[in-house]
Amino acid sequence: MDGQNAYWDGEVEGLARDALESLQEERFMATLRRAAASPFYHEKLKAAGLDLRAIRGLQDITKLPFTTKADLRAYYPDGFLCVPKEKLVRLHVSSGTTGQATAVYYTKRDVDTWAHLMARCMYMTGARPGDVFQNMTGYGLFTGGLGFHYGGELLGMLTIPSGPGNSKRQLQLMRDFGTTVVHVIPSYALRFMDFLMEQGVDPKKDLSLKIMYMGAEPYSEEVRRRVEAFYGVKAYNSYGLSEMNGPGVAFECSAQQGMHLWEDAYILEVVDPETGEPVPDGVVGELVLTTIHREGMPLLRYRTKDLTSVVKGTCSCGRVHRRIARIQGRSDDMFIIKGVNIFPIQVEQVLMAIPEVGANYRILLKRERDVDEMVVQVEVTDRAFIEDMRHLNRLREKIVHELKNELLVTPFVELIEPNGLPKEEGKAVRLIDLRGGGVRASTPFV
Ligand code: COA
Ligand code: AMP
Ligand code: ZN
């Protein structure tokens, strides 16, 4: 069988459910023993008064405490490591200066495992050796770039590390090398669509695209349909997060009915974000993941803050790895723009370090003609306000520059007179997302 449902790794993808669960159990117990050697888990388990002998198998996983992003920040840069540093070959660090940053390390085996998971994802959708794969997302510290890149090469595709931006060059590469498969952030797929229309390019006639992977930020079923119709491709949802390697955690198969979460590498739980208690299949809650196939930096019961549900029933493709529905949003205040994750506190830290900035600010997220923009409205101090226009322009440019350095995306900055922003009763509203149903998930399931 070499159709779209063919397995890249038949031994694991084709397992029966009970065999998969035995494999999980074995890997989970081994992970626990290894994780306990890291400074963080050593202290955390001790503080929780938990004797690991009380964990006899997967059924006891809920006895373990959760791990959070705050823990990763507190034990930055290396408090989660449980192998000697000489065994590490890769490091990805989230954006954000000290205090907000998180670090994820990989051993050689971890990099190989990740590439293997990614190759499996892409093979599942019909990508094959001979395909030309253009990877249009961020390389560098973003995990999307290298994650897909290693997977594409392992699968045997001709892999083009085009990275994000420069639409003209992207189009030229597609034409010159006959790109058939692309990985792209959904908001950029829309932006690139406008660019192609302006250039008078009809991808169905003028290009060779057939498969598109879209992830890294929430988007709706309507966006998928628009993208598929315009580009003449099948578009597949791709989910991952740096704390769990990066992409390759869950991915759609050709049935496009939810994303298979690779349960030989991760234990899947969905919990009520308030109580932390499990919710039934089909009910939306927060995704909690445990790595069971990672060597350098295992994470136990990590609170992803992503809201989703387990899709009920079995998939027509035959894989028994359970599926999660399209991500609906977050249970914290992180927002994603142009594929970049931002916490409002990062914006605040930058602004408050600038003396001319007053007490109040707010962030507006907008979409104008399919282009997402972040507008930061900033009140200036009385003293700065009476300065001349040139001075204020320089201040505006300085704020843009400092924010871009911290956040990686370029904001529009509007300077506002002192007390010029609306005052709310109670807690200040710092973030207003006006992007509507476009890239935001408007379809809760699948
Ligand atoms: N993916 C790819 N290209 C993007 C993009 C995205 N998400 N968002 C914008 N771009 C393109 C723009 O089209 C523009 O190119 P063009 O003028 O030739 O068409 C160029 O990047 C700059 O756009 P601008 O809006 O000025 O970008 P910015 O300075 O605000 O942000 C980016 C800079 C694009 C480099 C940054 O947003 C980025 O790296 N995004 C990708 C993040 C990513 O890959 N995440 C994956 C995580 S796994
Ligand atoms: P990062 O750690 O930078 O890779 O970002 C991971 C976060 O991006 C996740 O926790 C999600 O909030 C978001 N994300 C990744 N993939 C998707 C997707 N397919 N749909 C919605 N959100 C996604
Ligand atoms: Zn399937």
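Biologist: Which elements make the right-handed β-α-β unit here?

Modeller: In this predicted model, E3, helix H6 (residues 143–155) and E4 make a right-handed β-α-β unit. Right-handed means that, with the strands pointing away from the viewer, the path from the first strand over the helix to the second runs clockwise. Helices (H or I, at least four residues) and strands (E, at least two) are DSSP runs, numbered from the N terminus.

Biologist: In which sense do E3 and E4 pair?

Modeller: Two strands pair if DSSP finds at least two bridges between them. E3 and strand E4 (residues 158–160) pair in the parallel sense over 3 bridges, and Gln134 stands opposite Ile160 in E4. E3 also runs parallel to strand E5 (residues 181–184), joined by 3 bridges, with Asn135 opposite His183 in E5.

Biologist: Which way do the side chains of E3 point?

Modeller: In a regular strand the side chains alternate between the two faces of the sheet. In E3 (residues 132–135), Val132 and Gln134 point one way, Phe133 and Asn135 the other, and all are buried. Buried means under 20% relative accessible area (1.4 Å probe, protein chains only).

Biologist: And which residues coordinate the zinc ion (ligand 3)?

Modeller: Donors are N, O and S atoms within 2.8 Å of the metal, and water is not among the atoms, so sites may look incomplete. Here Cys253 (SG), His260 (NE2), Cys315 (SG) and Cys317 (SG) coordinate the zinc ion (ligand 3) at 2.1 to 2.3 Å. The site is tetrahedral, with angles of 101 to 118 degrees among its 4 donor atoms; four donors count as tetrahedral if all angles lie between 85 and 135 degrees.

Biologist: How are residues and ligands numbered?

Modeller: Residues are numbered from 1 along each chain as its sequence is written. Ligands are numbered from 1 in the order in which they are written.

Methods
Predicted model: local features only at pLDDT ≥ 70, side-chain atom pairs only at ≥ 80, totals over all residues. Heavy atoms only, no water. Donors = N, O, S within 2.8 Å, 3.2 Å for Na, K, Ca; no water. Tetrahedral: all angles 85-135°; square planar, octahedral: opposite > 155°, others 65-115°. Buried < 20%, exposed > 50% of the residue type's maximum accessible area, 1.4 Å probe, protein only.
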